[in-house]
Amino acid sequence: MRNSAKVRDNAVVSGHAEVQLTGPVGISVMSRQMGEQGLVPLLEFMALLSLNLGLINLLPFPALDGGRLLFILAEALRGKRIEPSREALVHLIGFVAVIGLMAVLTLIEVARLTGVSGP
């Protein structure tokens, strides 16, 4: 089973496999599957998930830590603070986009698990 996972991972990295986004429902399903394989695979999955979340959080997208770092960099380059109300609005828009993406992914995953066909 591990060799097939390595082949699949190499295919994803080389661009020869379809990458599928997974939200909260898919993560819980994969966590259960890893737990059924034993403690070590579950801990490896948890470590990979934690690392993935940390890296994604550093993306320069509003509402993520990377978005805040981008504002700090912009303030350092400009030499003055960006108006807090404008920064708050940008982060609010980013937050709504992130939550919207998570909601859409959750709906798609629930539809996939229940066998409901999409549009």
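This report describes helix packing, salt bridges and selected loop residues in a predicted model.

## Packing of H2 against H3

Helix H2 comprises residues 24-37, and helix H3 comprises residues 39-57. The two helices pack with their axes 7 Å apart, at an angle of about 150°. Because angles over 145 degrees count as roughly antiparallel, H2 is assigned as roughly antiparallel to H3.

On the H2 side, the contact involves Ile27, Met30, Ser31, Met34, Gly35 and Gln37. On the H3 side, Pro41, Leu42, Phe45 and Leu49 take part. By residue class, the contact of H2 with H3 contains seven nonpolar residues, three polar residues and no charged ones.

Helix H4 spans residues 65-78. Its end C-alpha atoms are 20 Å apart, and this agrees with the 20 Å that 14 residues should span at 1.5 Å a residue. Gly66, Gly67, Phe71 and Glu75 are buried in H4, and the buried residues of this helix pack against both H3 and H5.

Residues with positive phi values are found in the loop before H4 and directly after the helix. Ala63 belongs to the loop between H3 and H4, and Gly79 follows H4. The phi of Gly79 is positive, near 85°. Ala63 also has a phi near 85°, a positive value in a residue other than glycine. Most residues other than glycine have a negative phi.

## Ala63 and Ala88

Ala63 has a relative accessible area of 35% and is therefore partly exposed. Ala88, in helix H5 (residues 84-114), likewise counts as partly exposed, at 44% relative accessibility. The C-alpha atoms of Ala63 and Ala88 are 9.0 Å apart in space, while the two residues are 25 residues apart in sequence.

## Salt bridges

The model contains three salt bridges under the distance rule applied. One joins the side chains of Glu36 and Arg32, with an N to O distance of 3.7 Å. Both residues lie in helix H2, four residues apart, which is about one turn of the helix. Glu36 counts as exposed, because its relative accessibility is 60%.

Arg68 and Glu87 form another salt bridge, at 2.6 Å from N to O. This pair links distant parts of the chain, with Arg68 in helix H4 and Glu87 in helix H5, 19 residues apart. At 31% relative accessibility Arg68 counts as partly exposed, whereas Glu87, at 7%, counts as buried.

A further salt bridge connects Arg81 with Glu75, the closest N and O atoms being 3.8 Å apart. Glu75 is among the buried residues of H4, with a relative accessibility of 14%. Arg81, by contrast, counts as exposed, at 52% relative accessibility.

## Summary

H2 and H3 meet in a roughly antiparallel arrangement, through a contact that has no charged residues.

Technical notes:
Residues are numbered from 1 along each chain as its sequence is written. This is a predicted model: local features need pLDDT of at least 70, side-chain atom pairs count only at pLDDT 80 or more; totals for chains, interfaces and linings use all residues. Side-chain values use heavy atoms; hydrogens and water are left out. Buried means under 20% relative accessible area, exposed over 50%, partly exposed in between (1.4 Å probe, protein chains only). The expected span of a helix is 1.5 Å times one less than its number of residues. Contact means heavy atoms within 4.5 Å. Axes are lines fitted to C-alpha atoms, for helices over the stretch in contact, and angles run from 0 to 180 degrees between N-to-C directions. Angles under 35 degrees count as roughly parallel, over 145 as roughly antiparallel, 65 to 115 as roughly perpendicular and the rest as oblique. Ala, Val, Leu, Ile, Met, Phe, Trp, Tyr, Cys and Pro count as nonpolar, Asp, Glu, Lys and Arg as charged, and the others, Gly among them, as polar. A salt bridge is a side-chain nitrogen of Lys or Arg within 4 Å of a carboxyl oxygen of Asp or Glu.
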